[in-house]
Amino acid sequence: MKSETIEVQTGHEARIIDLTAQVSGFCAGEGDGLVSVFVPHATAGVAILETGAGSDRDVLDAIDELLPRDPKRWHHEHGTPGHGRDHVLPAFISPSITVPVINGILQLGTWQSIVLVDTNIDNPFRTIRLSFIS
Amino acid sequence: MKSETIEVQTGHEARIIDLTAQVSGFCAGEGDGLVSVFVPHATAGVAILETGAGSDRDVLDAIDELLPRDPKRWHHEHGTPGHGRDHVLPAFISPSITVPVINGILQLGTWQSIVLVDTNIDNPFRTIRLSFIS
Amino acid sequence: MKSETIEVQTGHEARIIDLTAQVSGFCAGEGDGLVSVFVPHATAGVAILETGAGSDRDVLDAIDELLPRDPKRWHHEHGTPGHGRDHVLPAFISPSITVPVINGILQLGTWQSIVLVDTNIDNPFRTIRLSFIS
């Protein structure tokens, strides 16, 4: 298995960050296999979405409605008010996803991008581990 | 890695389609490994559920309640009214899942089926990529 | 692939059970690869969360709010009242997750634990399949 970590700047607001170019570059030149995209943080997830046509915003809005930042809702009390919500997020948007790769090319559909979903506003940098297994 | 795509007819209504027989057939004769079931579409997901005792309908109802089709809710505006919702779905029901295989046999529990969850009513056919890695 | 099952006692209430020690022990002495944690039950999921600071309770509360136990909500009618909800859970919290392993060590973040999410109160024991592929 080939594995490495990359670092992504997420800043201090909830963000959806497109990782497709980095994952694609990581797989280039490899053969057939699965690529694992794994976020080693307890307040972020990885998803596969269409980006750029409003769905990024829609996903963040849906998270805010289904899992409101309201601090009174959550037992977890560290960090910025509402951070307890961020710790519930990965139960519903997992930090781990695998994508098939053929001849070094991600087998995503036309409208799919691999994204980091990060509602944590306390931590402006995130590490992501990419692993290719064949 | 062995990989191939299959095509599934989903029609023009929200559907949960059982893929277990196809995935099982794909793995037959292989040894021990993981099978990846991946949907290369931005408005569908893959899940593992009991089918046939009402839970298919329950899952579609839960999606409609948690992520309503109401077009006013979503920024994404292509397609049939409510299609914006379909683009949020894969954040919560991922298009990628892996299942362990032993001696060519899916290691599903008695009541588990691998299903396509497709709320998109615009696209009556769906491609699914099956990949086996050992 | 190396694969084995473990059994976990979950009792008769909704529980989040930390599996990290067992998964870590399973991977010890292996090289680089992916470990698959798979629950062969139709009413449970696997997640990666911080445990021990209230988020376990927060996740169970979020499930109860988003997918209420109210039996009138669900078509599925077997088991204890509210069991229909447990059959919807795995659509949103998948029974399958993979984690990268380097030199036999899980590549989890500092605050991440691998957990079983089991809201089923009818079944006090659960099987979990661990598989390592390199």
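# A briefing on helices and chain contacts

On helix α1 of chain A, the face turned away from the buried side carries the exposed residues A:Ala21 and A:Gly25. This is a predicted model, so please read every value below as computed from it.

- Helix α1(A) covers residues 20-27, and its buried residues are A:Val23, A:Phe26 and A:Cys27.
- Why do these buried residues line one face of the helix? Looking down the axis of α1(A), you find them within an arc of 95°, so they share one face.
- What do the buried residues of α1(A) pack against? Their partners are strands of chain A, namely β3 (33-38), β5 (96-102), β6 (105-106), β7 (113-118) and β8 (125-133).
- Just past the end of α1(A) comes A:Gly29, which has a positive phi of about 90°.

**A glycine in chain B**

- B:Gly33 sits in strand β3 of chain B, a strand made of residues 33-38.
- Is B:Gly33 buried or exposed? It counts as buried because 23 C-beta neighbours lie inside 10 Å, and the cut-off for being buried is 20 or more.
- Leaving out residues up to four places away in sequence, B:Gly33 touches B:Val101, B:Phe132, B:Ile133 and B:Ser134, and also C:Met1 and C:Ile133.
- B:Gly33 and B:Leu66 are 33 residues apart along the chain, and their C-alpha atoms are separated by 35 Å.

**Where chain C meets chain B**

- How many residues of chain C are in contact with chain B? There are 27 of them, and they contact 31 residues of chain B.
- On the chain C side, the elements giving two or more residues are β3 (33-38), α3 (83-92), β5 (96-102) and β8 (125-133).
- Among these contributors, α3(C) gives the largest share, with six residues.
- Sorted by class, this side of chain C has 13 nonpolar, 12 polar and two charged residues.

- Helix α3(C) is largely enclosed by the rest of the structure, because 10 of its 10 residues are buried.
- Those buried residues of α3(C) include C:His83, C:Arg85, C:Asp86, C:Leu89, C:Pro90 and C:Phe92.
- C:Gly84, C:His87, C:Val88 and C:Ala91 are buried in α3(C) as well.
- The axis of α3(C) comes within 9 Å of the axis of helix α2 (residues 55-66) of chain B, and the two cross at roughly 65°.
- That angle makes α2(B) roughly perpendicular to α3(C), and their crossing is right-handed.
- Which residues make this contact? From α2(B) come B:Ser55, B:Asp58, B:Val59 and B:Ala62, and from α3(C) come C:Gly84, C:His87, C:Val88 and C:Ala91.
- Four of the residues in the contact of α2(B) with α3(C) are nonpolar, three are polar and one is charged.

**Where chain A meets chain C**

- Chain A puts 27 residues into its contact with chain C, and chain C puts in 31.
- On the chain A side, β3, α3 (83-92), β5 and β8 each supply at least two residues.
- Which element gives the largest share of this side of chain A? Helix α3(A) does, with six residues.
- The side of chain A that touches chain C holds 13 nonpolar, 12 polar and two charged residues.
- Helix α3(A) packs with helix α2 (residues 55-66) of chain C at an angle of about 65°, and their axes are 9 Å apart.
- α3(A) and α2(C) are therefore roughly perpendicular to each other, with a right-handed crossing.
- In this pairing, A:Gly84, A:His87, A:Val88 and A:Ala91 meet C:Ser55, C:Asp58, C:Val59 and C:Ala62.

**Helix α2 of chain A with helix α3 of chain B**

- Helix α2(A), residues 55-66, and helix α3(B), residues 83-92, pack at about 65° with axes 9 Å apart.
- α2(A) and α3(B) are therefore roughly perpendicular to each other, and α2(A) passes α3(B) in a right-handed crossing.
- A:Ser55, A:Asp58, A:Val59 and A:Ala62 make the contact from α2(A), together with B:Gly84, B:His87, B:Val88 and B:Ala91 from α3(B).
- By class, this contact has four nonpolar, three polar and one charged residues.

Note on methods. Residues numbered from 1 in each chain as written. Chains lettered and ligands numbered in written order. Predicted model: local features only at pLDDT ≥ 70, side-chain atom pairs only at ≥ 80, totals over all residues. Contact = placed C-beta atoms within 7 Å. Helix = DSSP H or I, 4+ residues; strand = E, 2+ residues; numbered from the N terminus. Nonpolar A, V, L, I, M, F, W, Y, C, P; charged D, E, K, R; others polar. Buried ≥ 20, exposed ≤ 12 C-beta atoms within 10 Å, placed from the backbone. Arc of directions from axis to C-beta. Axes fitted to C-alpha atoms, helices over the stretch in contact; angles between N-to-C directions. Parallel < 35°, antiparallel > 145°, perpendicular 65-115°, else oblique. Left-handed = near helix turned anticlockwise from the far one by under 90°.
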